[in-house]
Amino acid sequence: MENWIDREENTLLNTYNRMPLVVSYGKGCYLYDDSGKKYLDMFSGLAVNALGHCHPELVREGKKQLEKYLHISNFFYCKQAIALGEDLISRSFPGKVFFTNSGTEGVEAAIKYLYKIGEQKGRQGIVSLSGSFHGRTLGALGLTKIPSVSRDFPVIDYPVHEISREALKELETLFENERPVGIILEPVSGSGGIEGVSREEMTGISDLCKKYDVVLCIDEIQTGIGRTGKFFSYQHYDVVPDIVIFAKGAGGGNPLGGMLVHKDMDGYFLPGDHGTTFGPGPLSSALGIKVLEIIDEKFLKSVEKKGRLLQEGIEKLKEKFPESLGETRGKGLMIGVDLKIHPAKIKECFFEKQVLVNITAINVLRLLPPLIISEQEIKEFLKAFEHSLIKMIPE
Ligand SMILES: Cc1ncc(COP(=O)(O)O)c(C=O)c1O
């Protein structure tokens, strides 16, 4: 068998900590290696493969688009992008869309948009929450408030005001004193440990935004496209954002992201202000239309139900292993479990049981399974979890 691991070491820049799995193909909730060994994928490419691997309807749709065209440039009208934009608007609020290829580019688009709004209103600056992750390009990195990610790099010369969740009561003073253009936040922090903004906090932030004319910008890159049991997670709250940024699951595994701008905020970009060669890819758009068609209300209900089942199963494990597990939290199929045991070791135990899991925020087990996961597969995961916890008990 060819040694892909050595070949990679000699070829690709060392920016990722990989698991020792060379993937041959994926199907449903499983990834397979060259020997045919299958692994239950409990983080689905970090929330990208929302419909699992090789979903038959996505494969069919993709093949149809491949036979038409893959790229036409932004000089021409792309029917798939227009139709996808209409679908996204119908699932959120009246407004307009700008498409990108990734999440961080969606955040960059939002920063530029906020800058333009600020220019007209005579204000500047963005508020970002401690522990938040908004991307790794230099603009987005300025809003990313996880020191291990943002340290060592320069950031753009634009004011960013960090505020911790605990200090949200001081937000009004910040709005009053600094007069920022906007605030950006994740309703459930993906890389920050699956910490959710409460209903009360979200309503409070939204009310202050209205009072001080601050743009409410929600980063739905990880929480969006059905992940939390609503199409966008802000729909769990009683608020309507001004800007929503999406990516990850939107293109069914193909790169697709973007920013949705409420109609009341329309008009700040003019031709030439922003653009990208590849966004939106016609293939990604065609797949995105299918993704949205599949993730309907019935599908979203099933996400909520399966999320509950998964959390209840983990709670039972916590009763059995109180020394190993702490709090379980999250919404829908975005779940975090505090680990009191060595995170890398439990990850290894899972791997031996052919289950792929992700750890974030040092000791939080982050579960983001494909939204199509079956109840049987959830049971399979819980069994592997129990066996891994037993294996971790010192002899
Ligand atoms: C909440 C959030 N924002 C932004 C990003 C950046 O997206 P991308 O990696 O597609 O650039 C991510 C990626 O994990 C994310 O989870």
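Biologist: Why is Gly-45 called partly exposed?

Modeller: Gly-45 has 16 other C-beta atoms within 10 Å. A residue is buried if 20 or more other C-beta atoms lie within 10 Å of its own, exposed if 12 or fewer, and partly exposed in between, with C-beta atoms placed from the backbone. The count of 16 therefore makes Gly-45 partly exposed. This is a predicted model, in which local features need pLDDT of at least 70 and side-chain atom pairs count only at pLDDT 80 or more, while totals for chains, interfaces and linings use all residues. Residues are numbered from 1 along each chain as its sequence is written.

Biologist: Which helix holds Gly-45, and what makes Leu-46 partly exposed but Ala-47 buried?

Modeller: Gly-45 lies in helix H2, and Leu-46 is found in that helix, residues 44-47. Helices (H or I, at least four residues) and strands (E, at least two) are DSSP runs, numbered from the N terminus. Leu-46 has 15 C-beta neighbours inside 10 Å, so Leu-46 counts as partly exposed. Ala-47 has 25 other C-beta atoms within 10 Å and is therefore buried.

Biologist: What makes the phi angles of Leu-46 and Ala-47 worth noting?

Modeller: Most residues other than glycine have a negative phi. Leu-46, which is not a glycine, has a positive phi of about 55°. Ala-47 is not a glycine either, and its phi is positive at about 75°.

Biologist: How do you know that the peptide bond from Gly-279 to Pro-280 is cis?

Modeller: Its omega is near -10°. Most peptide bonds are trans. Pro-280 belongs to the loop between strand E10 (257-262) and helix H10 (282-294).

Biologist: Why is strand E4 called mostly covered, and with which strand does E4 pair?

Modeller: In E4 (residues 95-100), five of the six residues are buried. Two strands pair if DSSP finds at least two bridges between them. E4 and E10 have six bridges and pair in the antiparallel sense. Within this pair, Val-97 stands opposite Leu-260 in E10.

Biologist: What makes both faces of strand E9 covered?

Modeller: Ile-243 and Ile-245 on one side of E9 (residues 243-246), and Val-244 and Phe-246 on the other, are all buried. E9 pairs with strand E8 (residues 215-219) in the parallel sense over three bridges, and Ile-218 stands opposite Val-244 there. E9 also pairs with E10, in the antiparallel sense over four bridges; here Ile-245 stands opposite Met-259.

Biologist: What makes up the largest nonpolar core, and how do you know that this core lies between the two domains?

Modeller: A nonpolar core is a set of buried Ala, Val, Leu, Ile, Met, Phe, Trp, Tyr and Cys residues joined through C-beta atoms within 7 Å. The largest one has 97 residues, and Ala-110, Ile-183, Val-215, Ile-243 and Met-259 have the most contacts inside it. Helix H5 (residues 103-121) gives the most to this core, with seven residues. Domain 1 (4-55 + 300-392) and domain 2 (57-294) both give residues to this core, so the core lies between them. The domain bounds come from an automatic or database domain assignment.

Biologist: With which residues is Ala-110 in contact, its neighbours within four places in sequence aside?

Modeller: Two residues are in contact if their C-beta atoms, placed from the backbone, lie within 7 Å. On that basis, Ala-110 is in contact with Cys-217, Ile-243, Ile-245 and Met-259.

Biologist: How many residues does each domain give to the contact between domain 1 and domain 2?

Modeller: The centres of the two domains, taken over C-alpha atoms, are separated by 26 Å. The contact takes 24 residues from domain 1 and 26 residues from domain 2. On the side of domain 1 that touches domain 2, helix H11 (297-320) gives the most, with four residues.

Biologist: H11 also holds Leu-317. Why does Leu-317 count as partly exposed?

Modeller: Leu-317 has 19 C-beta neighbours inside 10 Å, and therefore counts as partly exposed. Leaving aside its neighbours within four places in sequence, Leu-317 is in contact with Leu-325, Leu-382, Phe-385, Glu-386 and Leu-389.
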